[in-house]
Amino acid sequence: MTDMNAIVGTHDILMITLDTLRYDAAVLEEANCPNLCGSGSWEQRHTPGSFTYAAHHAFFGGFLPTPANTNKAEHVRLFHSRNTGMKTHPHTWLFDTPDMVSGLAAAGYQTVCIGGVIFFSKKVPLARVLPGYFQQSYWRMTFGVTNPRSTEHQVNHALKLLGNTPLDQRLFLFMNVSAIHGPNHMFLPGARKDSVESQRAALRYADGELGRLFDAFRGRGNPVFCLAFSDHGTAYGEDGYQGHRLAHDTVWNVPYREFIL
């Protein structure tokens with residue numbers, strides 16, 4: 001059980017959302033994802049939102065995906081707003097701000113967002129809401145879903161930021177990986193439409209790029225607490241459903257991992 005009160009203040013924190021990654025696709029690719037799964041397997045969890053905008057509001061409020069079982073008493077939240085009147089666990093880190101991002105900033109963290117899908121583009125007011133949680137936020141066309149090298153570009157940008165961040169500055173870096181979101185058939189040679197197989201190929205690509213980010217964090221010499229999970233899944237025709245922003249097991253079930261780099 002992770003004691004977040006031993007993490008916050010002593011560790012850099014890296015949060016990665018693998019946008020739209022299905023739980024079953026993630027499990028099928030565990031052996032091919034040494035960076036994300038080198039120290040363990042995916043845990044099945046339920047997301048609090050069926051699409052990016054809703055899910056990330058919940059995450060930044062401290063509501064991460066919950067274990068996919070009926071024993072709610074075993075679930076210890078990592079982040080929780082203070083003084084809500086609700087009972088909290090001693091290992092839960094409590095914040096006095098409207099969200100955990102500004103709570104970490106108040107605790108001395110530099111908070112940085114590297115966006116991926118359109119809700120982080122800052123092109124319209126709605127797309128400025130999620131990046132607005134952070135002290136610094138970045139989005140480029142090359143980070144978006146249509147670029148077949150999006151994760152490479154996102155990681156390159158993160159490496160520049162890491163290089164300019166003093167080693168004694170605690171850092172909370174959030175990255176929304178867009179490659180797995182549709183269209184993802186570009187990652188599977190010969191494919192003409194998105195599928196579980198093409199999403200698996202996109203995940204393999206993203207994992208290969210994330211290794212450089214993990215190495216750069218390790219190179220800072222500080223302990224790093226990493227959270228990696230999906231914001232929601234997506235349907236590829238199961239029971240007649242397509243896409244997400246709908247209630248289906250392929251959408252609600254998401255992969256989740258937390259580990260120390």
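Among contacts between residues at least 6 apart in sequence, what percentage join residues at least 24 apart?

**View 1. The whole protein chain of this predicted model.** To answer the opening question, 70% of those contacts in the protein chain join residues at least 24 apart. Eight helices and 12 strands make up the list of elements to look for here. The C-alpha trace spans about 50 × 45 × 40 Å along its principal axes. A compact globule of 261 residues would have a radius of gyration near 18 Å, and the 17 Å of this protein chain agrees with that. Buried residues account for 52% of the 261 residues. The chain exposes about 11,200 Å², with carbon and sulfur atoms supplying 53% of this area.

**View 2. The largest nonpolar core, with its 70 residues.** Good places to start are L14, L210 and L213, which have the most contacts inside this core. Helix α7 (residues 196-219) supplies the largest share of the core, 10 residues.

**View 3. A closer look at L14 and its contacts.** Leaving aside neighbours within four places in sequence, L14 touches L173, L213, F214, F217, V224, F225, C226, L227 and L261. One of these partners, L213, is also among the core residues with the most contacts.

**View 4. T250 in helix α8 (residues 249-252).** Is T250 buried or exposed? The relative accessible area of T250 is 12%, below the 20% cut-off, so T250 counts as buried. The side chains of T250 and H248 are joined by a polar contact of 2.9 Å. Beyond neighbours within four places in sequence, T250 is in contact with R22, G233, T234, A235 and E238.

Definitions and conventions
Residues numbered from 1 in each chain as written. Predicted model: local features only at pLDDT ≥ 70, side-chain atom pairs only at ≥ 80, totals over all residues. Heavy atoms only, no water. Core = buried A, V, L, I, M, F, W, Y, C linked by side-chain atoms within 4.5 Å. Buried < 20%, exposed > 50% of the residue type's maximum accessible area, 1.4 Å probe, protein only. Helix = DSSP H or I, 4+ residues; strand = E, 2+ residues; numbered from the N terminus. Contact = heavy atoms within 4.5 Å. Polar contact = N/O pair within 3.5 Å; in protein donor to acceptor, adjacent residues only side chain to side chain. Rg over C-alpha atoms; globule rule 2.2 N^0.38 Å. Areas by Shrake-Rupley, 256 points an atom, 1.4 Å probe, with all protein chains shown as cover.
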